[in-house]
Amino acid sequence: MKRCYALHSGHLAGALVVLAATSLAGWPLGSTLLTRVHPGFAAMVPSTAVAFILLGVALFARRAGQDHAGLFAKALGGLATANLLAYAWLGTAGLDPAFLALNPGDGVSLCTITCFLLAAVTLLLRLSDDAALHEVADYVGLVGLSTALAVVGGHVLHAEFLYEIGFFAAMSLPTAMLFCIAFAGLLMTDEDHEALDDGFDGPYEA
């Protein structure tokens with residue numbers, strides 16, 4: 001089944017890049033639909049969209065067995081850390097308010113920053129030569145996926161209540177949905193990328 005999962009991880013990486021780029025394009029276009037889906041929901045801010053693009057490209061690189069996958073993962077972690085420092089030092093919801101005039105409630109949530117850090121750690125652990133760390137990566141990825149699913153459920157049931165919780169405040173529905181895609185892709189990454197070169201003609205191994 002690993003080969004099948006690895007193939008699907010490439011599809012999810014592609015979806016991640018396309019959807020994040022579409023949301024990013026919504027800002028210059030002034031499209032509420034692209035940036036926040038619903039007027040009552042928080043928007044996916046540009047730095048979040050850029051981070052998802054980095055993550056999607058990192059997944060592609062990982063699937064292809066390219067060495068620079070780790071570079072993209074570190075860039076993702078660096079961007080998340082910069083947003084976290086903006087919270088601590090600038091007192092703003094990430095970097096975006098310093099460059100854009102955002103609506104009240106928009107910005108990068110602490111939950112979003114945490115999930116990006118979890119994603120970067122998951123990918124870096126996957127890239128390690130230590131097989132034991134690959135299992136740790138699964139647990140870290142599952143924590144991220146569970147968190148994203150909880151936020152999606154919160155939007156479906158009662159988004160206003162979700163936004164009253166400081167940790168989740170400003171996390172948009174598109175962001176939560178893309179995290180579900182991202183962590184699913186991370187958990188599907190094949191341990192041995194060379195297995196993809198064998199093709200899919202024969203029966204999958206359990």
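Buried, in what follows, means under 20% relative accessible area, exposed means over 50%, and partly exposed is anything in between, with a 1.4 Å probe and protein chains only. The model is predicted, so local features need pLDDT of at least 70 and side-chain atom pairs count only at pLDDT 80 or more, while totals for chains, interfaces and linings use all residues. Residues are numbered from 1 along each chain as its sequence is written, and side-chain values use heavy atoms, with hydrogens and water left out.

I start with the charged pair. A salt bridge here is a side-chain nitrogen of Lys or Arg within 4 Å of a carboxyl oxygen of Asp or Glu. By that rule the count is one salt bridge. The partners are arginine 126 and aspartate 138, at 2.7 Å from N to O. Arginine 126 belongs to helix 5 and aspartate 138 to helix 6 (residues 131-163), so the pair ties together parts twelve residues apart in sequence. Helices are DSSP runs of H or I with at least four residues, numbered from the N terminus. Are the two partners buried or partly exposed? Arginine 126 is buried, at 3% relative accessible area; aspartate 138, at 27%, is partly exposed.

Staying in helix 5, threonine 112 is found there too. Its relative accessibility is 2%, so threonine 112 counts as buried. Leaving out residues up to four places away in sequence, threonine 112 touches Thr48, Met171, Thr175 and Phe179, where contact means heavy atoms within 4.5 Å.

The structure holds four aromatic pairs. Rings of Phe, Tyr and Trp (its six-membered ring) pair if their centres lie within 6.5 Å; planes under 30 degrees apart count as stacked, over 60 as edge-to-face and the rest as tilted.

Next, helix 4, residues 69-90. Its 22 residues should span 32 Å at 1.5 Å a residue, and the end C-alpha atoms are 31 Å apart, which agrees; the expected span is 1.5 Å times one less than the number of residues. Among the buried residues of helix 4 are Ala69, Gly70, Leu76 and Asn83. What covers the buried residues includes helix 3 (46-63) and helix 5 (110-126).

Leucine 85, also in helix 4, is partly exposed at 37% relative accessibility. Leu85, Trp89 and Leu90 form a nonpolar surface patch with about 380 Å² of accessible area together. Patches take residues with over 30% relative accessible area and no salt bridge, joining like charges within 9 Å and nonpolar side chains (Val, Leu, Ile, Met, Phe, Trp, Tyr) within 5 Å. Areas are from the Shrake-Rupley method with a 1.4 Å probe; for residues, only the protein chains shown count as cover. Just after helix 4, glycine 91 has a positive phi of about 70 degrees.

How values were computed: Helices (H or I, at least four residues) and strands (E, at least two) are DSSP runs, numbered from the N terminus.
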